[in-house]
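Hello,

Here is the structure for you to look through. Please open it first, then read my notes below.

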Amino acid sequence: MIKTDVSEKYTSDSEEKILIRKINDLVNKSRKEFTVTYSHFLDPAQQALLSRIEEFYGLISFEGGYEDAERRLCRICTDEYCADEGAPIVLLKAVIPARSGEPTHREILGSIMGTGIKREMVGDILPNKNEPMFFCHSMSVQHIELELHKIGRANAEISRCTLTDIPETPLKERQINVSSMRLDCIAAEGFGMSRSKAAEYIKKGVVAVNWIITPDTSKEIKSGDKISLRGKGKIRIGEITGTSKKGRIFLQIFS
């Protein structure tokens with residue numbers, strides 16, 4: 001078991017230390033009870049922090065309910081034979097009258113939080129017009145079903161869904177050309193801004209690669225990677241389709 005406090009080794013931030021200690025406790029619980037354990041929902045920065053902890057290597061992974069999830073639970077498995085009842089994630093749908101219009105992400109989250117639920121108990125939110133969907137921890141499901149009656153000012157009817165109910169969002173394909181496969185170059189072209197502005201966002205810690213916050217502007221990006229910029233959306237990197245005589249790279253991206 002990991003008996004010592006490893007948090008001091010990795011951060012001086014008090015909240016980050018608390019998170020590391022909680023995961024450390026779940027690691028020890030997994031070993032003691034021979035079962036898979038799960039945390040609450042974590043944002044990309046928290047996932048990045050835990051991914052750096054050497055003592056957790058090979059023991060943790062992340063699950064958010066679907067492939068492109070940004071907010072995910074930390075799954076702790078200390079032995080391949082540990083019992084696993086599955087991630088405690090439930091997908092809920094809130095149906096509101098069509099005349100009420102499409103609620104914003106802020107309205108949906110605000111309404112959920114208004115029931116007294118902590119942010120860490122709620123995963124990704126999928127706006128989906130007048131039938132927004134959201135992931136939540138199974139421990140919060142009954143509370144939300146009993147207390148959530150409105151999204152914004154509109155009446156809402158809450159029901160449980162399966163992952164097959166998630167609507168497919170068609171991706172838009174674009175072609176861009178960049179001087180290199182550096183993160184700042186691709187983020188600039190992908191999100192339509194100057195390279196210096198993209199670098200500023202990256203250094204601020206609001207850009208994630210494959211849902212992990214990445215402050216390194218020179219990080220090498222490859223086909224299949226997903227890049228997200230807080231407040232600006234996300235893009236997926238496709239194939240390199242060619243190069244120019246001056247060495248610029250022609251790249252396929254999806255958004």
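**How two helices meet**

Helices α2 and α3 lie oblique to each other, because their axes cross at roughly 60°. Keep in mind that this is a predicted model. The two axes come within 11 Å. The crossing of α2 past α3 is right-handed.

Which residues make the contact? From α2 come Glu 16, Leu 19, Ile 20 and Ile 23. From α3 come Gln 46, Leu 49 and Leu 50. Sorted by class, this contact has 5 nonpolar, 1 polar and 1 charged residues.

**A look at α3**

Helix α3 covers residues 44-51. Its buried residues are Pro 44, Gln 47, Ala 48, Leu 49 and Leu 50. What covers them? The cover includes the helix α2 (14-33). It also includes the strands β1 (37-42), β2 (60-63), β3 (72-76) and β12 (212-213).

Now check the start of α3. There, a side-chain oxygen of Asp 43 comes to within 3.1 Å of the backbone nitrogen of Ala 45.

Next, find Ser 111. This residue sits in helix α4, which spans residues 105-113. Is Ser 111 buried or exposed? Its relative accessibility is 13%, so Ser 111 counts as buried; the cut-off for buried is under 20%.

What does Ser 111 touch, once neighbours within four places in sequence are left aside? Its contacts are Leu 148, Lys 150, Ile 151 and Gly 152.

Best wishes

Technical notes
Residues are numbered from 1 along each chain as its sequence is written. This is a predicted model: local features need pLDDT of at least 70, side-chain atom pairs count only at pLDDT 80 or more; totals for chains, interfaces and linings use all residues. Side-chain values use heavy atoms; hydrogens and water are left out. Buried means under 20% relative accessible area, exposed over 50%, partly exposed in between (1.4 Å probe, protein chains only). Helices (H or I, at least four residues) and strands (E, at least two) are DSSP runs, numbered from the N terminus. Contact means heavy atoms within 4.5 Å. A polar contact is a pair of N or O atoms within 3.5 Å; within protein, one must be able to donate a hydrogen and the other to accept it, and residues adjacent in sequence count only if both atoms are side-chain atoms. Axes are lines fitted to C-alpha atoms, for helices over the stretch in contact, and angles run from 0 to 180 degrees between N-to-C directions. Angles under 35 degrees count as roughly parallel, over 145 as roughly antiparallel, 65 to 115 as roughly perpendicular and the rest as oblique. A crossing is left-handed if the near helix is turned anticlockwise from the far one by less than a right angle, and right-handed if clockwise. Ala, Val, Leu, Ile, Met, Phe, Trp, Tyr, Cys and Pro count as nonpolar, Asp, Glu, Lys and Arg as charged, and the others, Gly among them, as polar.
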